[in-house]
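Colleague: I have a chain open and would like to go through it with you. Could you take me through what was computed, beginning with a residue in a loop?

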Amino acid sequence: MRIVFLGCTQFSEAILQHLIEIGAEIVGICSIPKSFKISYSSEEVVNYNYADLRPYSEQLGVPYFLVNSQSGCRMSDYADSLKKLNPDVMLVMGWYYMVNKSLRSVARLGAWGIHASLLPKYAGGAPLVWAMIEGQHETGVTLFRFKDGVDNGDIIAQKRIVIEEHDYIKDVYEKATQASKETLTQVLNAESVNFVPQDEDKIEIYPQRSPKDGEIDWDQSAKEIYDFIRAQSEPYPGAWTTIKGKKITIWKATIEEI
(Lines give C-alpha, C1' and ligand atoms only; values in the text may rest on other atoms or scores of the structure.)
Protein backbone atom coordinates (compact mmCIF):
# COMPACT_ATOMS: atom_id res chain seq x y z
CA MET A 1 0.00 0.00 0.00
CA ARG A 2 1.51 3.31 -1.15
CA ILE A 3 1.38 5.87 1.70
CA VAL A 4 1.68 9.64 1.80
CA PHE A 5 2.46 10.53 5.42
CA LEU A 6 1.38 13.79 7.12
CA GLY A 7 2.81 14.66 10.54
CA CYS A 8 4.73 17.18 12.63
CA THR A 9 4.78 15.85 16.22
CA GLN A 10 6.72 13.39 18.34
CA PHE A 11 3.77 11.05 17.92
CA SER A 12 4.12 11.45 14.13
CA GLU A 13 7.80 10.58 14.33
CA ALA A 14 7.18 7.46 16.44
CA ILE A 15 4.50 6.25 14.00
CA LEU A 16 6.66 7.02 10.96
CA GLN A 17 9.59 5.13 12.47
CA HIS A 18 7.30 2.17 13.12
CA LEU A 19 5.96 2.20 9.57
CA ILE A 20 9.50 2.16 8.23
CA GLU A 21 10.39 -0.74 10.55
CA ILE A 22 7.46 -2.87 9.35
CA GLY A 23 8.31 -2.17 5.73
CA ALA A 24 5.41 0.12 4.82
CA GLU A 25 5.80 1.87 1.45
CA ILE A 26 6.13 5.58 2.20
CA VAL A 27 6.10 7.60 -1.04
CA GLY A 28 5.98 11.15 0.34
CA ILE A 29 6.08 13.11 3.63
CA CYS A 30 4.28 16.36 4.49
CA SER A 31 4.95 18.45 7.60
CA ILE A 32 4.37 21.79 9.37
CA PRO A 33 6.97 24.10 11.03
CA LYS A 34 7.26 24.25 14.82
CA SER A 35 5.58 27.69 14.89
CA PHE A 36 2.65 28.28 12.56
CA LYS A 37 -0.55 30.25 12.03
CA ILE A 38 -3.95 28.63 12.48
CA SER A 39 -7.52 29.87 12.36
CA TYR A 40 -8.36 29.61 16.07
CA SER A 41 -5.46 31.84 17.20
CA SER A 42 -4.60 35.45 16.32
CA GLU A 43 -0.95 34.70 17.15
CA GLU A 44 1.39 31.99 15.98
CA VAL A 45 0.85 28.64 17.65
CA VAL A 46 3.84 26.70 19.02
CA ASN A 47 3.89 22.94 18.59
CA TYR A 48 5.38 21.78 21.92
CA ASN A 49 5.61 18.19 20.63
CA TYR A 50 7.35 19.14 17.39
CA ALA A 51 9.47 16.64 15.48
CA ASP A 52 11.47 17.34 12.31
CA LEU A 53 10.52 14.72 9.71
CA ARG A 54 12.71 16.00 6.88
CA PRO A 55 15.57 13.57 7.70
CA TYR A 56 13.18 10.65 7.12
CA SER A 57 12.34 11.87 3.63
CA GLU A 58 16.07 12.04 2.92
CA GLN A 59 16.57 8.55 4.38
CA LEU A 60 13.78 7.11 2.23
CA GLY A 61 14.55 9.21 -0.83
CA VAL A 62 10.98 10.51 -1.11
CA PRO A 63 9.59 14.04 -1.62
CA TYR A 64 9.17 16.33 1.40
CA PHE A 65 6.41 18.97 1.41
CA LEU A 66 6.38 21.73 4.04
CA VAL A 67 3.08 23.47 4.72
CA ASN A 68 4.20 26.90 5.91
CA SER A 69 1.47 29.44 6.52
CA GLN A 70 4.08 32.13 7.20
CA SER A 71 5.25 31.96 3.60
CA GLY A 72 1.74 31.36 2.24
CA CYS A 73 2.42 27.75 1.28
CA ARG A 74 -0.77 25.73 1.74
CA MET A 75 -1.40 22.00 1.58
CA SER A 76 -3.59 22.47 -1.49
CA ASP A 77 -0.56 23.84 -3.36
CA TYR A 78 0.88 20.32 -3.31
CA ALA A 79 -2.23 18.50 -4.56
CA ASP A 80 -0.92 17.89 -8.08
CA SER A 81 2.49 16.74 -6.80
CA LEU A 82 0.87 14.36 -4.33
CA LYS A 83 -1.45 12.93 -6.98
CA LYS A 84 1.57 12.07 -9.15
CA LEU A 85 2.82 9.85 -6.31
CA ASN A 86 -0.23 7.62 -6.90
CA PRO A 87 -0.90 6.97 -3.19
CA ASP A 88 -3.35 4.35 -1.95
CA VAL A 89 -3.84 6.15 1.35
CA MET A 90 -2.91 9.41 3.05
CA LEU A 91 -1.99 8.74 6.70
CA VAL A 92 -2.47 11.86 8.85
CA MET A 93 -0.66 11.26 12.14
CA GLY A 94 -0.31 14.41 14.28
CA TRP A 95 -1.61 17.32 12.18
CA TYR A 96 -3.13 20.76 12.82
CA TYR A 97 -5.02 21.62 9.65
CA MET A 98 -8.20 20.30 8.08
CA VAL A 99 -7.57 17.99 5.11
CA ASN A 100 -10.22 18.98 2.59
CA LYS A 101 -12.05 16.68 0.20
CA SER A 102 -9.94 17.57 -2.84
CA LEU A 103 -6.80 16.55 -0.97
CA ARG A 104 -8.36 13.40 0.48
CA SER A 105 -9.37 12.30 -3.00
CA VAL A 106 -5.73 12.30 -4.08
CA ALA A 107 -5.40 8.87 -2.42
CA ARG A 108 -7.38 5.83 -3.62
CA LEU A 109 -8.65 4.99 -0.10
CA GLY A 110 -8.79 8.58 1.12
CA ALA A 111 -7.11 10.09 4.18
CA TRP A 112 -6.93 8.18 7.47
CA GLY A 113 -6.08 9.56 10.86
CA ILE A 114 -5.59 8.32 14.38
CA HIS A 115 -7.48 10.24 17.03
CA ALA A 116 -6.43 9.68 20.64
CA SER A 117 -9.86 8.78 21.98
CA LEU A 118 -12.56 6.20 21.49
CA LEU A 119 -14.62 8.14 18.99
CA PRO A 120 -17.28 9.48 19.08
CA LYS A 121 -16.06 10.50 22.56
CA TYR A 122 -13.55 13.36 22.89
CA ALA A 123 -13.52 14.46 19.26
CA GLY A 124 -11.74 17.74 18.57
CA GLY A 125 -8.67 19.12 20.32
CA ALA A 126 -6.36 17.69 23.00
CA PRO A 127 -8.35 14.48 23.61
CA LEU A 128 -5.88 12.87 26.04
CA VAL A 129 -5.59 16.05 28.09
CA TRP A 130 -9.35 16.46 28.28
CA ALA A 131 -9.88 12.82 29.25
CA MET A 132 -7.42 13.18 32.13
CA ILE A 133 -8.82 16.54 33.26
CA GLU A 134 -12.25 14.93 33.43
CA GLY A 135 -10.93 12.06 35.54
CA GLN A 136 -11.40 9.25 33.02
CA HIS A 137 -9.87 5.85 33.83
CA GLU A 138 -9.97 4.65 30.24
CA THR A 139 -9.51 6.09 26.78
CA GLY A 140 -8.07 4.73 23.55
CA VAL A 141 -7.18 5.40 19.95
CA THR A 142 -9.34 5.34 16.85
CA LEU A 143 -8.16 4.85 13.28
CA PHE A 144 -10.74 6.49 11.04
CA ARG A 145 -11.24 7.79 7.52
CA PHE A 146 -11.56 11.54 7.19
CA LYS A 147 -14.62 13.29 5.84
CA ASP A 148 -15.89 16.86 6.09
CA GLY A 149 -16.32 17.69 9.78
CA VAL A 150 -14.40 17.21 13.02
CA ASP A 151 -13.28 13.60 13.63
CA ASN A 152 -16.60 12.34 12.27
CA GLY A 153 -15.44 9.89 9.60
CA ASP A 154 -15.91 6.14 9.32
CA ILE A 155 -14.17 4.08 12.00
CA ILE A 156 -11.63 1.50 10.79
CA ALA A 157 -10.30 0.19 14.12
CA GLN A 158 -10.12 1.08 17.82
CA LYS A 159 -7.95 0.03 20.76
CA ARG A 160 -8.56 0.79 24.44
CA ILE A 161 -5.93 1.97 26.93
CA VAL A 162 -6.10 2.38 30.71
CA ILE A 163 -5.35 5.65 32.52
CA GLU A 164 -3.86 4.67 35.89
CA GLU A 165 -4.20 6.91 38.94
CA HIS A 166 -0.45 7.61 38.93
CA ASP A 167 -0.16 8.26 35.19
CA TYR A 168 0.87 11.67 33.87
CA ILE A 169 0.14 12.86 30.35
CA LYS A 170 3.52 11.58 29.11
CA ASP A 171 2.64 8.07 30.30
CA VAL A 172 -0.76 8.14 28.61
CA TYR A 173 0.77 9.62 25.47
CA GLU A 174 3.21 6.67 25.31
CA LYS A 175 0.36 4.18 25.78
CA ALA A 176 -1.60 5.85 22.99
CA THR A 177 1.44 5.77 20.70
CA GLN A 178 1.97 2.05 21.30
CA ALA A 179 -1.73 1.34 20.75
CA SER A 180 -1.58 3.33 17.50
CA LYS A 181 1.38 1.30 16.25
CA GLU A 182 -0.42 -1.96 16.99
CA THR A 183 -3.62 -0.74 15.32
CA LEU A 184 -1.84 0.39 12.15
CA THR A 185 0.13 -2.84 11.89
CA GLN A 186 -3.07 -4.87 12.19
CA VAL A 187 -4.97 -2.85 9.58
CA LEU A 188 -2.14 -2.47 7.05
CA ASN A 189 -1.51 -6.23 7.18
CA ALA A 190 -5.18 -7.15 6.80
CA GLU A 191 -6.55 -8.52 3.54
CA SER A 192 -9.40 -6.00 3.57
CA VAL A 193 -10.49 -2.85 5.39
CA ASN A 194 -13.93 -2.24 6.87
CA PHE A 195 -15.34 1.27 7.29
CA VAL A 196 -18.01 1.66 9.99
CA PRO A 197 -19.98 4.96 10.00
CA GLN A 198 -20.08 6.90 13.27
CA ASP A 199 -23.31 7.90 14.95
CA GLU A 200 -22.76 11.64 14.49
CA ASP A 201 -25.42 12.49 17.07
CA LYS A 202 -23.08 11.06 19.72
CA ILE A 203 -19.94 12.98 18.73
CA GLU A 204 -18.53 15.13 21.56
CA ILE A 205 -16.34 17.94 20.20
CA TYR A 206 -13.82 19.48 22.61
CA PRO A 207 -11.87 22.71 21.97
CA GLN A 208 -8.14 23.06 21.46
CA ARG A 209 -6.09 24.13 24.48
CA SER A 210 -3.36 26.72 24.90
CA PRO A 211 -0.91 27.52 27.76
CA LYS A 212 -3.30 30.09 29.24
CA ASP A 213 -5.83 27.29 29.80
CA GLY A 214 -3.48 25.71 32.34
CA GLU A 215 -4.42 28.05 35.22
CA ILE A 216 -5.45 26.03 38.28
CA ASP A 217 -8.87 26.61 39.81
CA TRP A 218 -8.25 26.09 43.54
CA ASP A 219 -11.99 25.94 44.27
CA GLN A 220 -12.10 22.44 42.83
CA SER A 221 -11.67 19.20 44.80
CA ALA A 222 -8.21 17.78 45.50
CA LYS A 223 -8.83 15.00 42.96
CA GLU A 224 -9.89 17.46 40.26
CA ILE A 225 -6.78 19.60 40.85
CA TYR A 226 -4.55 16.51 40.84
CA ASP A 227 -6.03 15.36 37.51
CA PHE A 228 -5.67 18.87 36.08
CA ILE A 229 -1.96 19.02 36.99
CA ARG A 230 -1.00 15.62 35.64
CA ALA A 231 -2.98 16.19 32.43
CA GLN A 232 -0.77 19.15 31.48
CA SER A 233 2.65 18.15 32.74
CA GLU A 234 5.66 17.56 30.48
CA PRO A 235 5.91 17.67 27.49
CA TYR A 236 3.10 20.25 27.72
CA PRO A 237 3.55 23.75 29.22
CA GLY A 238 2.22 22.71 32.64
CA ALA A 239 -0.54 23.70 35.04
CA TRP A 240 0.11 27.01 36.77
CA THR A 241 -1.01 29.47 39.38
CA THR A 242 -0.04 32.97 40.50
CA ILE A 243 1.49 33.67 43.92
CA LYS A 244 2.17 37.30 44.85
CA GLY A 245 2.06 38.26 41.20
CA LYS A 246 4.52 35.55 40.12
CA LYS A 247 3.51 32.71 37.81
CA ILE A 248 4.34 29.31 39.31
CA THR A 249 4.18 26.13 37.20
CA ILE A 250 3.33 22.93 39.06
CA TRP A 251 4.57 19.76 37.37
CA LYS A 252 3.66 17.07 39.90
CA ALA A 253 1.27 16.60 42.78
CA THR A 254 0.09 14.05 45.32
CA ILE A 255 -3.06 13.76 47.42
CA GLU A 256 -2.43 13.32 51.13
CA GLU A 257 -4.98 12.38 53.79
CA ILE A 258 -5.09 14.90 56.65
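Colleague: Is K244 buried or exposed?

Modeller: K244 counts as exposed, at 87% relative accessibility, where buried means under 20% relative accessible area, exposed over 50% and partly exposed in between, with a 1.4 Å probe and protein chains only. Please keep in mind that this is a predicted model, in which local features need pLDDT of at least 70 and side-chain atom pairs count only at pLDDT 80 or more, while totals for chains, interfaces and linings use all residues. Residues are numbered from 1 along each chain as its sequence is written, and side-chain values use heavy atoms, with hydrogens and water left out.

Colleague: Where is K244 found, and what is its phi?

Modeller: K244 is in the loop between β12 and β13, and its phi is positive, about 50°, although K244 is not a glycine. The helices (H or I, at least four residues) and strands (E, at least two) are DSSP runs, numbered from the N terminus.

Colleague: And what about N86, which has a positive phi too?

Modeller: N86 is not a glycine either, and its phi is about 55°. N86 sits in the loop between α3 (79–84) and β6 (89–92), and with a relative accessible area of 54% it is exposed.

Colleague: Changing topic, where is S57 and what does it touch?

Modeller: S57 is in helix α2, residues 54–60, and counts as buried at 4% relative accessibility. Not counting residues up to four places away in sequence, S57 touches I29, V62, P63 and Y64. The C-alpha atoms of S57 and D201, which are 144 residues apart along the chain, are separated by 40 Å.

Colleague: And P33, is it buried or exposed?

Modeller: P33 is buried, with a relative accessible area of 13%, although it is placed in a loop, the one between β2 (25–31) and β3 (35–36). P33 touches Y50, L66, V67 and N68, again not counting residues up to four places away in sequence. The C-alpha atoms of P33 and G153 are separated by 27 Å, and these two residues are 120 residues apart along the chain.

Colleague: How many disulfides are there, and why?

Modeller: The count comes to zero, a disulfide being a pair of cysteine sulfur atoms within 2.5 Å. The sulfur of C8 has its closest cysteine sulfur in C30, 11 Å away, which is too far for a bond. C8 counts as buried at 0% relative accessibility, and C30 counts as buried at 0% as well.

Colleague: Zooming out, what does the whole chain look like?

Modeller: Its secondary structure comes to seven helices and 13 strands. The radius of gyration is 19 Å, close to the 18 Å that the globule rule gives for 258 residues, so the chain is as compact as a globular protein of that length; that radius is taken over C-alpha atoms, and the rule is 2.2 Å times the number of residues to the power 0.38. Along its principal axes the C-alpha trace spans about 65 × 40 × 35 Å.

Note on methods. Contact = heavy atoms within 4.5 Å.
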